[in-house]
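Please consult the sequence and the structure shown below while reading.

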Amino acid sequence: MDQLRETLKGHHLRTTTCREDVLSTFINKKNALSHGDLEGALGENYDRVTIYRTLKTFLEKGIIHKVLDDEGLRYALCSHNCSEEKHHHDHIHFKCSECGETNCLENLHIPAVQLPNGYQPEKFNLLIQGVCPKCG
């Protein structure tokens, strides 16, 4: 519980039970989660709007980042060097075709892409699909 409170405090957020529970769910699951995943895990305690607002706040503060996969939007914990000003999540995401989990591959960065003149990249998202070690 202290780690949760320290994380929230380090991102200048007030501690609430919802924030602690959402953060705890991310830490315990260790993979990217959708709003629906969180609602399924926490829905009896919090309504969907409260969970949505918590996700929005965590995104703004650099606690989580967006992950786009073939099923839509998911969220994953940011590495410890993300902040409100700058997210550092230019890594590859992997979705297992067997178990359906989407995970961050923090040590694999998206390769440089040479865009045509006039295009200005803002965000990168690379999803690889296949079979994870757990299912292989």
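## Basis of the description

Contact here means heavy atoms within 4.5 Å. Helices (H or I, at least four residues) and strands (E, at least two) are DSSP runs, numbered from the N terminus. The model is predicted, and local features need pLDDT of at least 70, side-chain atom pairs count only at pLDDT 80 or more, and totals for chains, interfaces and linings use all residues. Residues are numbered from 1 along each chain as its sequence is written, and side-chain values use heavy atoms, with hydrogens and water left out.

## Helix H4 and its ends

H4 comprises 14 residues and spans 20 Å from its first C-alpha to its last, close to the 20 Å expected at 1.5 Å a residue; the expected span is 1.5 Å times one less than the number of residues. The N-terminal end of H4 is capped by Asp47, a side-chain oxygen of which lies 3.1 Å from the backbone nitrogen of Val49. Such a polar contact is a pair of N or O atoms within 3.5 Å; within protein, one must be able to donate a hydrogen and the other to accept it, and residues adjacent in sequence count only if both atoms are side-chain atoms. Just after H4, Gly62 adopts a positive phi of about 85°.

## Packing of H4

Buried denotes under 20% relative accessible area, exposed over 50%, and partly exposed in between (1.4 Å probe, protein chains only). The buried residues of H4 are Ile51, Thr54, Leu55, Thr57, Phe58, Leu59 and Lys61. They pack against H1, H2, H3, strand E1 (64-69) and E2.

Ile51 has a relative accessible area of 0%. Beyond residues up to four places away in sequence, Ile51 touches His35, Leu38, Glu39, Leu42 and Tyr46. The C-alpha atoms of Ile51 and Cys18 are separated by 7.5 Å, although the two residues are 33 apart along the chain.

## The nonpolar core

A nonpolar core is a set of buried Ala, Val, Leu, Ile, Met, Phe, Trp, Tyr and Cys residues joined through side-chain atoms within 4.5 Å. The largest has 18 residues, and those with the most contacts inside it include Leu38, Leu55 and Phe58. Helix H1 (2-10), helix H2 (17-29), helix H3 (35-42) and H4 each supply at least two residues of this core.

## Annotated site

An unreviewed UniProt entry lists His88 and Asp90 under "binding site". Positions follow the numbering used here, feature names are shortened, and annotations may be inferred rather than shown by experiment. Asp90 lies in the loop between strand E2 (72-77) and strand E3 (91-96), and is partly exposed at 38% relative accessibility.
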